[in-house]
Amino acid sequence: MAARVVSRPVSASAISQWDIETDVLVVGFGIAGTSAALGAAEVSGDVVVIERGGGSEGTCGGLLYLGGGTPMQTAMGYQDSVADMYRVLHAALGPGVDEAKLRSYCDGSLQHFDWLVECGVPLITGPDEEGTPLATPDPDGFVQVGAQEYAGGGLVWTGGEQAYPFNELAPAVPRGHMPRDPNGTEDLFEGAVLKCMISAVERTGVRVIYNTGAERLVLDDSGRVVGIEGRRDGETVRIRARRGVVLTTGGFIYNDEMLREYSPLLVEGAAKLGHGGQDGRGIQMAQLAGADAIHMDAADATLVTTPHISFIAGILVNGLGRRFINEDTYYGRLGTESVFRQNSEAYLVVDDDIFLESSWLRPAWASDSLAEIEQQIGLPDAALQQTVDYYNLYAGKGEDPLFHKGPRWLKPLNPPYAVLDLRNRSMPTSAFTLGGLHTDPGGQVLDVQGQPVRGLYSAGRASSGLAVYGYCSGISLGDGSFFGRLAGQTAASDGAGE
Ligand SMILES: Cc1cc2nc3c(=O)[nH]c(=O)nc-3n(C[C@H](O)[C@H](O)[C@H](O)COP(=O)(O)OP(=O)(O)OC[C@H]3O[C@@H](n4cnc5c(N)ncnc54)[C@H](O)[C@@H]3O)c2cc1C
């Protein structure tokens with residue numbers, strides 16, 4: 001086996017002098033790190049953040065998954081409740097959801113909304129003043145934000161809430177919350193939340209030190225984490241954290257060795273979504289200090305079939321020419337199903353009516369004859385024809401007995417047909433990892449016996465958060481900020497008053 005680049009913990013007794021001392025050290029300055037720094041600063045005035053990159057490397061969009069009747073939902077006339085939010089997320093993010101974390105997140109969602117607004121995230125309440133600056137109107141009346149459907153007033157349908165099975169669990173309400181520029185001019189979608197949180201940290205007096213990477217943890221004689229040893233400008237740097245170290249170093253999609261070990265289907269099966277800083281080093285440093293890491297095979301894999309939303313009216317088939325999912329569900333569910341259960345083999349079959357509405361994707365195959373298409377792709381004889389016949393039989397009646405696609409998307413497919421090649425080699429699903437350090441809801445890192453690794457905390461994609469074997473857009477910024485803040489608060493309270 002290849003040698004690991006991550007170093008074992010060093011003993012505090014071997015360190016004669018610390019370069020920096022603080023109460024709480026936050027490692028990594030993405031959404032979880034900014035929130036951890038703010039949370040820690042609410043409790044202690046002495047907080048330091050180190051970030052390996054020259055600025056925050058965090059790449060993210062701008063959607064936050066929140067609910068339970070937020071001011072944005074209420075202003076747009078959507079009625080949500082904590083119970084409905086919990087029910088939908090429990091089904092969407094599992095199996096394997098940490099129920100205590102999910103309960104805490106749903107119960108705290110309204111308060112978290114207010115906190116984000118206090119931090120300066122422009123979650124503006126009310127309808128759009130002049131259209132929707134970032135959205136693309138659709139001739140059928142649908143409006144898209146990115147590849148998702150806009151619900152108005154800064155809200156986005158993000159996790160398949162309108163689709164089966166979630167629409168049977170609770171009334172469909174949008175929970176993707178998008179920051180909006182009060183002047184309606186600037187594009188606030190990409191990276192907006194993180195930018196606002198960085199500014200909020202800058203206002204607190206928390207010290208942020210860039211170009212400084214943690215390389216190993218420092219333990220005292222009792223095994224408690226008391227700091228880190230790292231590198232800054234080629235020099236070794238040692239930082240003591242009197243109360244706690246919070247690891248918010250992101251996931252490991254950029255570490256192929258870890259992917260091969262934990263989630264091998266992602267090595268060839270998906271393109272990486274994120275940034276090179278997500279190399280799993282933080283997770284491995286903690287593992288070497290006794291931390292448990294869980295759900296390490298889990299990932300969000302996105303299969304975007306909706307550059308134009310009308311493509312949902314087509315059918316997705318696998319390498320056997322069979323449908324395998326309702327096409328109107330969240331694109332993360334499509335991708336995860338395709339990568340993990342269909343051998344990354346997916347084709348989208350549309351007809352002329354659907355295809356003519358979009359020019360973005362090129363069909364790989366087109367013909368009046370499904371038999372010919374089967375031959376061209378190499379699908380089993382008659383399989384696709386049977387699939388289309390069966391689909392058409394019920395689509396004409398507005399039904400989908402197999403996968404329950406919503407009636408709004410159901411119509412029989414007629415020749416000529418076009419097929420989009422969504423296999424990985426042609427259109428890779430983009431993925432990031434969801435597994436990570438095992439933490440309790442307060443951010444305390446746990447060992448394999450479920451006992452605390454004292455002095456060590458974590459949040460964001462370095463930890464296993466809300467999303468396990470399912471995902472909804474907005475949940476990473478949501479749980480990263482929510483549990484990041486909590487982890488910072490818990491770390492700063494650790495040993496306080498002793
Ligand atoms: C294009 C794109 C769009 C997205 N859109 C959304 C969205 O709209 N909503 C949503 O919820 N999610 C979205 N996501 C996912 C989400 O952005 C990430 O999952 C989330 O930002 C991860 O946050 P984090 O703080 O855990 O980690 P990161 O943002 O990865 O931050 C970790 C930081 O730690 C630093 N670091 C790593 N190791 C060390 C070390 N050893 N020492 C010091 N520093 C270290 C890294 O340089 C990095 O800056 C999107 C992702 C991408 C790529």
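I take two strands as paired if DSSP finds at least two bridges between them, and I keep in mind throughout that this model is predicted.

**Entry: a strand pair.** With that rule in hand I looked up β19 and strand β20, residues 417-421, and found them paired in the antiparallel sense over three bridges. Within this part of the structure I noted that Trp365 stands opposite Val419 in β20.

**Entry: the sheet around the pair.** I then followed the neighbouring strands and read an open sheet of four strands, in the order β17-β18-β20-β19, with antiparallel pairing. Which strands stand at the edges? I found β17 (315-317) and β19 (365-367) there, and because each has a single partner strand, one side of each is left without a neighbour in the sheet. From one strand to the next, I noted a twist that averages 20°.

**Entry: a helix on the sheet.** I looked next for what lies across these strands, and I found helix α13, residues 383-395, across β17, β18 (347-351) and β20, where α13 runs at about 150° to β17.

**Entry: two helices.** I turned to helix α5 (residues 109-118) and helix α14 (residues 475-493), which pack at an angle of about 90° with their axes 11 Å apart. Since angles of 65 to 115 degrees count as roughly perpendicular, I describe α5 and α14 therefore as roughly perpendicular to each other. On the α5 side I listed Gln111, His112, Trp115 and Leu116 as making the contact, and on the α14 side Gly478, Ser481, Phe482 and Arg485. Sorting the residues of this contact of α5 with α14, I have three nonpolar, four polar and one charged.

Definitions and conventions. Residues numbered from 1 in each chain as written. Predicted model: local features only at pLDDT ≥ 70, side-chain atom pairs only at ≥ 80, totals over all residues. Heavy atoms only, no water. Axes fitted to C-alpha atoms, helices over the stretch in contact; angles between N-to-C directions. Contact = heavy atoms within 4.5 Å. Parallel < 35°, antiparallel > 145°, perpendicular 65-115°, else oblique. Nonpolar A, V, L, I, M, F, W, Y, C, P; charged D, E, K, R; others polar.
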